[in-house]
Every structure is written in structure tokens, then in C-alpha cells.
Amino acid sequence: MKARVHVMLKNGVLDPQGEAVRHALGSLGFDGVSGVRQGKVIELDLADGTSEETVKEMCEKLLANTVIESYSVELG
């Protein structure tokens, strides 16, 4: 079983990596980009029957800093 966890900075949290990417895109001639938010995707290979609640517990304890980041879980 696989799970995919998407982790992003919460709205209102400064994203210096996203801003650096936005600036670099502008320098490369891509003028239409007014904002970039950068996140991460974590793919997990799990034992069959692992619950979404278990994956959320993993996020809360390790995979996401829930003070400044939000996350979503896809099981499949």
C-alpha cells in the first residue's frame, strides 16, 4: 500500500525558498509569476491495512511541523 503526503507552509508563513524560485523565474524571463509556494511530497510504502489515521499520526509526530505547515494525505 502506498501513501502520499503533501506538506506546505501555512498561509501567512514566509516562504523564502518560494520567493527565491519566483525571483529566479523572473530572471529567466518568466515575468507572469507573481508568487511561488514551495512544499514537499513524501511517498510511503506501507503494510496493507495501514489506516489514514496512522499516517496522520506520522505527520503530526515527524513528517510535518504543524505549527507552520499543513499537510494532506492520499492513500492508494
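In this predicted model, Met8 has its bridge partner in strand S2, namely Gly39. S1 and S2 pair in the antiparallel sense, over 7 bridges. S1 is also joined to S3, again by 7 bridges, and these two strands run antiparallel.

Together, the 3 strands form an open sheet in the order S2-S1-S3, with antiparallel pairing. S2 and S3 stand at the edges, and each has a single partner strand, so one side of each is left without a neighbour in the sheet. Neighbouring strands are turned against each other by 20° on average, direction ignored.

Ala3, Val5, Val7 and Leu9 make up the covered face. Lys2, Arg4, His6 and Met8 make up the uncovered one. In a regular strand, side chains alternate between the two faces of the sheet.

Helix H2 lies across S1, S2 and S3, and runs at about 150° to S3. The helix spans residues 52-63, 12 residues in total. Its end C-alpha atoms are only 14 Å apart, whereas a straight helix would reach 16 Å at 1.5 Å a residue. The buried residues of H2 are Val55, Cys59 and Leu63. They lie on the same side of H2, because they cover an arc of only 50° around the axis. An α-helix has 3.6 residues a turn, so residues three or four places apart point the same way. The face turned away from the buried side carries the exposed residues Glu53 and Lys61. Strands S1 (2-9), S2 (39-45) and S3 (69-75) are among the elements that cover the buried residues of H2.

The largest nonpolar core has 11 residues. They are Ala3, Val5, Val7, Ile42, Leu44, Leu46, Val55, Cys59, Leu63, Ala64 and Val73. S1, S2 and H2 each supply at least two residues of this core.

Leu44 counts as buried because its relative accessibility is 17%, and buried means under 20%. Thr66 is 22 residues apart from Leu44 in sequence, and their C-alpha atoms are 19 Å apart in space.

With a relative accessible area of 32%, Ile68 is partly exposed. Ile68 and Lys10 are 58 residues apart along the chain, yet their C-alpha atoms are separated by 5.6 Å. Not counting residues up to four places away in sequence, Ile68 touches Met8, Leu9, Lys10 and Val13.

Methods. Residues are numbered from 1 along each chain as its sequence is written. This is a predicted model: local features need pLDDT of at least 70, side-chain atom pairs count only at pLDDT 80 or more; totals for chains, interfaces and linings use all residues. Side-chain values use heavy atoms; hydrogens and water are left out. Helices (H or I, at least four residues) and strands (E, at least two) are DSSP runs, numbered from the N terminus. The expected span of a helix is 1.5 Å times one less than its number of residues. Buried means under 20% relative accessible area, exposed over 50%, partly exposed in between (1.4 Å probe, protein chains only). The arc is that of the directions from the helix axis to the C-beta atoms. Contact means heavy atoms within 4.5 Å. A nonpolar core is a set of buried Ala, Val, Leu, Ile, Met, Phe, Trp, Tyr and Cys residues joined through side-chain atoms within 4.5 Å. Two strands pair if DSSP finds at least two bridges between them. Axes are lines fitted to C-alpha atoms, for helices over the stretch in contact, and angles run from 0 to 180 degrees between N-to-C directions.
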